[in-house]
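User: Please take a close look at one part of this model, the place where two of its chains meet, and describe it in one connected account with the cut-offs behind each term.

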Amino acid sequence: MTTDLGPLIPRNRDAHPPAFDTGYKTSVSRSPKWPLLSMESTPSEETGPRFGHSVLGEHDNNLITNWTQGKELAVGERILVHGRVLDENARPVPHTLVEVWQANAGGRYRHKKDAYFAPLDPNFGGCGRTITDEDGYYEFLTVRPGAYPWMNRGNDWRPMHIHFSVFGHSFGQRLITQMYFEGDPLIDICPIVKTVKDRSQIEGLVAALDLSKARPMDFLAYKFDIVLRGRRQTRFENKLEGM
Amino acid sequence: MVQKLDRLVETASQTAGPYVHIGCMPTYAGNAGALAIEIGTDGPILDGAKGEIIEISGEVFDGMGWALRDVMLECWQADTAGVYPGQDGADPAVTGFARIGADSDTGIFTLRTVKPGATPARGGGKQAPHILLWLTARGINTGLQTRIYFEDEDNSADPVLSRIEQRPRVETLIAKKTAEGKYTFNIRLQGEGETVFLDM
């Protein structure tokens with residue numbers, strides 16, 4: 001039986017980008033104008049799908065090899081991306097699915113609609129996933145994605161980034177975000193980054209170079225922690241609900 | 001000076017962009033085989049799910065009235081008895097979760113599922129049968145959450161619908177029955193008939 005962990009803490013909308021942002025042109029016609037309907041979470045949002053290791057393939061957490069199932073290696077600067085998934089109460093979120101997707105080292109996506117000049121890497125698919133361990137920890141190997149231009153305002157560029165989709169343990173915790181790389185000068189001029197208005201929240205999207213996890217003559221490492229929404233705590237953790 | 005609270009701030013959302021399907025639905029992106037198992041793409045039910053099988057079709061419109069071709073929807077629902085997967089007594093043939101990419105030419109999406117039962121409300125009472133929807137696409141900065149209710153159910157006492165002050169907007173959350181077992185549910189991101197999106 002799923003225990004009742006309490007309602008979700010109301011989402012702090014100031015931590016997120018507003019729906020409407022003229023700097024990111026596509027949002028202009030895709031943003032609701034009416035305020036969202038505020039409500040307390042219900043069991044519908046407090047439950048959610050759970051995915052076990054049975055959904056994972058052997059190579060899913062290694063984007064350098066998974067497209068060729070280990071036969072060939074993708075081109076690019078090899079990196080380990082790692083971190084923890086926590087909730088707003090700083091508790092780890094264990095056993096939750098983390099999905100990632102990204103452009104290849106040249107900035108080209110393997111998508112039927114991407115027609116950028118940079119070549120496709122025959123050995124890179126750009127999709128991976130993993131599940132956090134009991135401490136909320138995840139990691140995957142990949143190549144550093146290239147920056148690429150997009151039309152938006154004529155000469156905009158996306159900084160190097162990896163897309164993250166995280167489930168958490170309830171449908172109301174669902175989050176999609178992007179990880180950027182420390183030191184990339186394109187971060188500060190990216191219209192999509194700038195949809196986030198709080199500077200400290202932007203900093204929370206920038207992964208730090210982490211040499212403690214790097215392996216000599218092999219890969220660099222970047223650390224990226226993700227915080228999901230928490231649930232209202234009304235009792236001490238070690239006491240049963242209602243005691 | 002007061003003590004600091006032991007709290008973190010939720011990570012900021014960023015748009016899923018136009019290529020969300022690479023990571024979530026690789027076959028849809030043209031990359032069949034990238035993942036041995038794609039989650040949710042077979043729909044929220046397995047063979048033998050108890051209850052009425054229904055099909056809900058619709059489109060997601062932008063402020064121009066143009067259907068989004070690149071939207072990805074996720075659904076979450078209870079079984080015919082109103083029990084969520086993972087809870088005691090849940091129908092094992094209902095996974096409850098689905099991922100749907102709108103047709104890339106027409107923008108039409110289709111969800112085939114069982115009609116959910118009424119589910120508990122927090123603090124007692126029932127919520128009318130509904131399916132949760134979560135939408136993400138290029139230009140949507142934070143995923144949008146809404147619900148599908150059914151016009152042939154009693155929605156009069158539903159606590160969420162009751163909270164909608166502008167009563168005509170309630171209609172935006174109610175699927176219209178078009179034939180036996182068939183419903184239409186359109187979503188409008190902006191403009192006339194803008195769908196009610198939820199924040200909890």
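**The interface of chain A and chain B**

In the contact between the two chains, chain A takes part with 85 residues and chain B with 71 residues, where contact means heavy atoms within 4.5 Å. This is a predicted model, in which local features need pLDDT of at least 70 and side-chain atom pairs count only at pLDDT 80 or more, while totals for chains, interfaces and linings use all residues. Residues are numbered from 1 along each chain as its sequence is written, chains are lettered from A and ligands numbered from 1 in the order in which they are written, and side-chain values use heavy atoms, with hydrogens and water left out.

The size of an interface is often given as the accessible area lost when the parts come together. Here the area buried between chain A and chain B is about 7100 Å², and carbon and sulfur atoms give 56% of it; buried area is the accessible area (1.4 Å probe) that two parts lose on being put together, summed over both. Of the area that chain A buries against chain B, A:Arg30, A:Leu37 and A:Phe171 supply 12%, more than any other three residues.

A:Arg13 forms a salt bridge with B:Asp199, with the closest N and O atoms 3.0 Å apart. Between chain A and chain B, 46 residue pairs are in polar contact, both residues being at pLDDT 80 or more; a polar contact is a pair of N or O atoms within 3.5 Å, and within protein one must be able to donate a hydrogen and the other to accept it, while residues adjacent in sequence count only if both atoms are side-chain atoms.

Among the elements of chain A that give two or more residues to the side touching chain B are strand S1 (37-38), helix H1 (43-46), strand S2 (78-87) and strand S9 (175-181); helices (H or I, at least four residues) and strands (E, at least two) are DSSP runs, numbered from the N terminus. S9(A) gives the most to this side, with five residues. By class, the side of chain A that touches chain B has 39 nonpolar, 25 polar and 21 charged residues, where Ala, Val, Leu, Ile, Met, Phe, Trp, Tyr, Cys and Pro count as nonpolar, Asp, Glu, Lys and Arg as charged, and the others, Gly among them, as polar.

Strand pairing also joins the two chains, since two strands pair if DSSP finds at least two bridges between them, and S1(A) is joined by two bridges to strand S12 (residues 198-199) of chain B, the strands running parallel. In this pairing A:Ser38 stands opposite B:Asp199 in S12(B).

S2(A) has eight of its ten residues buried, so this strand is largely enclosed by the rest of the structure; buried means under 20% relative accessible area, exposed over 50%, and partly exposed in between (1.4 Å probe, protein chains only). S2(A) pairs in the antiparallel sense with strand S5 (residues 137-143) of chain A over seven bridges, and A:Ile79 has A:Thr142 as its bridge partner in S5(A). With strand S11 (residues 220-223) of chain A, S2(A) pairs in the parallel sense over four bridges. S2(A) and S12(A) likewise pair in the parallel sense, over three bridges.

Conventions:
A salt bridge is a side-chain nitrogen of Lys or Arg within 4 Å of a carboxyl oxygen of Asp or Glu.
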